[in-house]
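Start with the model below.

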Amino acid sequence: MYQLIIVEDEKAIAQGIANSNPWHEWGFEVAGVCYNGEEAVEFIKEHPVDLVLSDIRMPKMDGVALMKHLNRYHPEIKIIILSGYNDFEYLQTAIRSGVTEYLLKPTDVDEFAELFQKMKQALDQRDQEREMKEKAEFTRRCNSLLRGYGYDEEAEEQEFYQAQADLIGVMVINLSGEDIREKKKYHKGQIAALEELNRLKGEEAIFGQFILNYEEKITGILRIDEDCGEDSIRDFARRLADKVQESTGFELNCGISSFYPDFRMLPQCYEQAKCSAYQRIFLEEKQRVIFYRQIQESEFDYYQFAFDEEKILKYILNQERGNLALEIQNTFSYFRNHMVENYDYINQMSLEILFYVSRKLLKYNVRAEKLMKEHGCTYTDVFEREKLEEKEAFLLFVFDLFMEECQAQYSSSTKTRDLAESIRGIVDREYMVNGISLDYVAEKVRKSTAYISKIFKNEFECNFSTYITEKRLNHSLELLQDPSRKVYEISQEIGWADVSNYIKVFKKKYGVSPDEYRRLLPNRQV
């Protein structure tokens, strides 16, 4: 039902209009009756409406003034003006000011019905256009996150901090079926599956949204709690697959990335999910759901030789180009001498070192995906290099890009590191204060909560809230050594006013309650 208010200074007429028409049949609900323009303005501040039906001559603020106000501050609201035959000049002013429609008094039910059916059609079209615009903007934002650039980092950081879940990852979906080779039918199947997936995910405990992304792949950005196991995610994916097949006729296979506590890992998650979705293991074992971890363990569980991750990262950060080139060269020399035919292994090792280094460089504000995009490449381009020499050259080329960007970011990262240490100092001193929070620290250092959350995560590789929780729990272990201390007293001392919350968090961390932990202590006093 669209929300309508009636604005008419003659109360009998206003109530008559409100109560004598079949508004619900026309798709409207009378949200309120106002007796002048000023009342209408105040009402709209508290109650969003879709349509205003207003008299033209009223005290305090007439219909024309009201309409000008709405056009300026609420252009989405449609307006119908009620006017008499002697209101010609007012009506002309109203039309010039952009009134949507007008009715001449007196009016009958048929005129009302015809006009409000027309208005409902206009509002339906408005909502459809708005929905399409919102979907397009949401898809653009998701694509930016999957690419790793082109979004408002502070806004995303704030949203991620406020999210209901702790970890984020990606699911990439392939469809299969009889019509898969027909492009139009396949695309139609994708749209149908996408709609069904977004409908179904609202019924699950796993949060997220599915889009048809910039590569025309059905992609889900998923959020989970940190204690949500792989079995739960697999069951979630299988239920989706069953329901999508039932409703669309298409079978659904999906690859699922690892999950991380940082939304900036989404580009890597997307590459992981794509690799999982397109592995041969799908066909060989007929699995509908495969995790990136399975690729690593099933195809490459021997890992007899790999890149030295720590050395490569150190050489990049220290600008040791010669040592970096030699390290890459030595690794590929081993590949040539021992594993010439196993290019799957080499590709996987190359992808892993790219993932690892770019993940670590987030701490220094180096955005690997954006850098590679600017130079026309991406992680999985290493697969396209047919010769080992080409793969080796590709890795060194990308690491050179990283090295140059590290140098450019060095001065700003030093300031950021100092700020992160200052924030940690505040937390270390005041973590037992019940009111400590991002907002509390943000006010002290004069930075936004989103910025603080980001740099803290970058520098110390954990969330701000997780760090506080760990500090409190560790201190509580010491306090529990004293049998004379009550659990609720300990809870209050370490900053948890709600003892039940403390017990819940403690048990989640250690598997036992504080009292049970006490009973397990050696030499405990009775």
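Strand 1 and strand 3 (residues 51-55) run parallel, joined by four bridges. Across this pairing, Leu-4 stands opposite Leu-51 in strand 3. The model is a predicted one.

Strand 1 also pairs with strand 2 (residues 28-34), again in the parallel sense. That pairing spans six bridges. Here Gln-3 has Glu-29 in strand 2 as its bridge partner.

| Partner of strand 1 | Sense | Bridges | Residue pair |
|---|---|---|---|
| Strand 2 (residues 28-34) | parallel | six | Gln-3 and Glu-29 |
| Strand 3 (residues 51-55) | parallel | four | Leu-4 and Leu-51 |

Is strand 1 (residues 2-7) enclosed or open? Five of its six residues are buried, so strand 1 is largely enclosed by the rest of the structure. Buried here means under 20% relative accessible area.

Now the helix contact. Helix 13 (residues 309-317) and helix 14 (residues 321-338) have axes that come within 8 Å. These axes cross at roughly 155°. Angles over 145 degrees count as roughly antiparallel. Helix 13 and helix 14 are therefore roughly antiparallel to each other. Their crossing is left-handed.

Which residues meet between helix 13 and helix 14? Helix 13 brings Lys-311, Ile-312, Tyr-315 and Ile-316. Helix 14 brings Asn-323, Leu-324, Glu-327 and Ile-328. By class, the contact of helix 13 with helix 14 holds five nonpolar residues, one polar residue and two charged residues.

How values were computed:
Residues are numbered from 1 along each chain as its sequence is written. This is a predicted model: local features need pLDDT of at least 70, side-chain atom pairs count only at pLDDT 80 or more; totals for chains, interfaces and linings use all residues. Side-chain values use heavy atoms; hydrogens and water are left out. Axes are lines fitted to C-alpha atoms, for helices over the stretch in contact, and angles run from 0 to 180 degrees between N-to-C directions. Helices (H or I, at least four residues) and strands (E, at least two) are DSSP runs, numbered from the N terminus. Angles under 35 degrees count as roughly parallel, over 145 as roughly antiparallel, 65 to 115 as roughly perpendicular and the rest as oblique. A crossing is left-handed if the near helix is turned anticlockwise from the far one by less than a right angle, and right-handed if clockwise. Contact means heavy atoms within 4.5 Å. Ala, Val, Leu, Ile, Met, Phe, Trp, Tyr, Cys and Pro count as nonpolar, Asp, Glu, Lys and Arg as charged, and the others, Gly among them, as polar. Buried means under 20% relative accessible area, exposed over 50%, partly exposed in between (1.4 Å probe, protein chains only). Two strands pair if DSSP finds at least two bridges between them.
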